[in-house]
Amino acid sequence: MNTAARVVRFQLHDLVRNRWLLGYTVVLLGLTSALLWLGGGGERAIVSLLDVVLILVPLASVMFGTLYLYNAREFIELLLAQPVGRPAMFAGLYVGLTAPLVCGFGLGIGLPLLVSSATVSIPARALVILLATGILLTLIFTAIAFLLALRFEDRARGLGAALAVWLGFAVLYDGVVLLVVLAFGDYPLESPLLALTVLNPVDLGRVLLLLQFDIAALMGYTGAVFQRFFGDALGMATATVALLIWVAVPLAIGLRWFRRRDF
Amino acid sequence: MTSPAVEAVGLSKRFGTREVLKGIDLRIAPGRVTGLVGPNAAGKSTLIKIVLGLVRADLGHLAVHGETVNGKVDYRRAIGYMPQAAKFPENLTGREVLRMLRDLRGVDGGLDQELIEQFRLEPELDKPIRTLSGGTRQKLSAAVTFLFHPSLLILDEPTAGLDPVASGIFKDKVRRARDARATVLLVSHTLSELEELADDIVFLLEGRVRFHGPLASLIELTGLANLERAVASLMRENAA
């Protein structure tokens with residue numbers, strides 16, 4: 001077994017006993033169950049579930065990730081003083097942090113869906129995309145957590161930045177997009193809007209999912225644009241690739257910083 | 001002459017605009033205890049961290065046991081590092097931490113468990129670390145430091161937080177390691193401890209080495225009877 005795998009195994013030991021992670025799983029379980037059984041009807045429940053995924057997953061990933069890295073700082077330092085290379089350490093830390101979050105998400109969302117699948121009919125394709133989007137968002141926002149924890153020496157500032165990143169992507173971004181649409185409504189906006197969507201992983205996830213339910217019309221003008229672009233296989237592939245780039249770029253920058261950093 | 005355990009040539013480091021090390025030249029003799037002293041912000045921690053590979057020097061050359069460090073990994077097999085305040089993951093037990101470090105180094109047996117026995121740590125090893133007192137954590141950290149029979153020990157204020165009994169056990173262990181030809185680099189503000197343990201003294205001030213030599217010659221040089229007065233006089237001299 002190589003170094004990275006050893007670090008991962010060790011972190012799993014630590015994180016399965018983590019209260020925050022347990023809380024995250026329980027909250028997802030509760031919300032999903034409530035939405036499925038009280039929300040009436042599969043499709044509507046799934047759309048509400050979509051909001052849960054798009055808001056809660058980035059928040060939990062970026063905040064928990066940043067917090068964990070600040071808490072583990074001294075121990076990471078001790079580990080780096082062992083005969084361990086930095087790239088292996090980075091890989092181990094990232095996988096060890098994302099794996100429990102992905103499991104928590106999968107369990108919290110997946111279990112109620114599995115239980116209710118007998119009574120509520122949900123298109124399988126939509127389900128797969130919901131789960132995949134949640135997992136990709138987890139990977140993206142923990143990678144961003146690494147960037148923040150490496151960039152900010154000060155813990156309070158790092159956590160503040162994490163909160164700002166989440167607010168920006170999950171909440172404020174849509175407002176900005178709306179402003180753009182209002183201000184430049186007289187111009188052809190297809191391409192700028194597509195670009196704006198690709199620049200926000202949360203938006204990418206939303207578009208991908210909404211189009212699966214044929215309610216893109218609810219998104220109005222932009223919805224039509226996206227329907228045309230993302231609706232077909234090529235659009236889906238583009239969105240998926242964009243999300244993967246959103247994983248790869250912060251990770252690559254993070255690795256670079258981690259290698260050069262003075263601990 | 002035997003090759004030095006640690007050799008620094010023209011080591012410089014700045015953090016932003018702050019020049020922490022301004023060209024350190026140093027040869028740490030093997031098989032001796034070298035005390036690293038100096039006021040706060042003199043560059044002691046940075047120097048140690050460069051030896052450990054945690055910090056990269058901007059300029060200069062550093063070799064451990066004759067091997068240039070520069071981003072390498074394996075030379076750290078020979079090092080036992082005890083940080084100032086050890087923080088282990090709160091949810092794990094001491095035994096899990098020990099196993100993890102053993103795994104990480106790929107070492108199966110032949111561990112030095114002497115400190116675990118002498119500190120009577122055995123019953124504490126199965127409790128989560130968050131329930132351990134500060135002193136017990138420090139004992140665990142000390143035990144970890146010696147676990148792999150290091151030939152270079154880097155100890156950063158090791159006895160701060162240890163009670164007198166534990167502190168005595170620890171110092172005896174350091175002496176035994178030295179007698180077994182290990183090199184010890186000891187950062188300490190406790191001058192009585194240095195007087196007890198150190199063979200050589202390196203005095204750092206504002207990122208430069210101001211004195212390096214046997215403890216006895218420092219005392220002779222300053223004409224003062226003990227280390228505390230000798231160091232105080234060095235600091236005054238440099239300030240003047």
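The model is predicted, so local features need pLDDT of at least 70 and side-chain atom pairs count only at pLDDT 80 or more, while totals for chains, interfaces and linings use all residues. Residues are numbered from 1 along each chain as its sequence is written, and chains are lettered from A, with ligands numbered from 1, in the order in which they are written.

Chain B holds 8 helices and 10 strands, these being DSSP runs numbered from the N terminus (helices H or I, at least four residues; strands E, at least two). The radius of gyration of chain B, 18 Å, is close to the 18 Å of the globule rule for 240 residues, so chain B is as compact as a globular protein of that length; the radius is taken over C-alpha atoms, and the rule is 2.2 Å times the number of residues to the power 0.38.

## The sheet of chain B and its helices

Six strands of chain B form an open sheet with mixed pairing, in the order E6-E7-E8-E3-E9-E10, where two strands pair if DSSP finds at least two bridges between them. E6 and strand E10 (208–214) of chain B are the edge strands, each pairing on one side only, and the twist averages 15° from one strand to the next. Strands E7 (residues 152–156) and E8 (residues 183–187) of chain B pair in the parallel sense over 5 bridges, and B:Leu153 has B:Val184 in E8(B) as its bridge partner.

H1(B) lies across E3, E6, E7, E8 and E9 of chain B, at about 150° to E7(B), whereas helix H5 (residues 164–179) of chain B lies across E3, E7 and E8 of chain B, at about 145° to E8(B). Axes are lines fitted to C-alpha atoms, for helices over the stretch in contact, and angles run from 0 to 180 degrees between N-to-C directions.

## Chain A and the contact between the chains

Chain A has 11 helices and 0 strands, and residues 24 or more positions apart make up 80% of its contacts with a separation of 6 or more.

The contact takes 24 residues from chain B and 20 residues from chain A. Helix H1 (44–52), strand E6 (79–82) and helix H2 (94–105) of chain B each give two or more residues to the side of chain B that touches chain A, and H2(B) gives the most, with 6 residues.

Key: Two residues are in contact if their C-beta atoms, placed from the backbone, lie within 7 Å.
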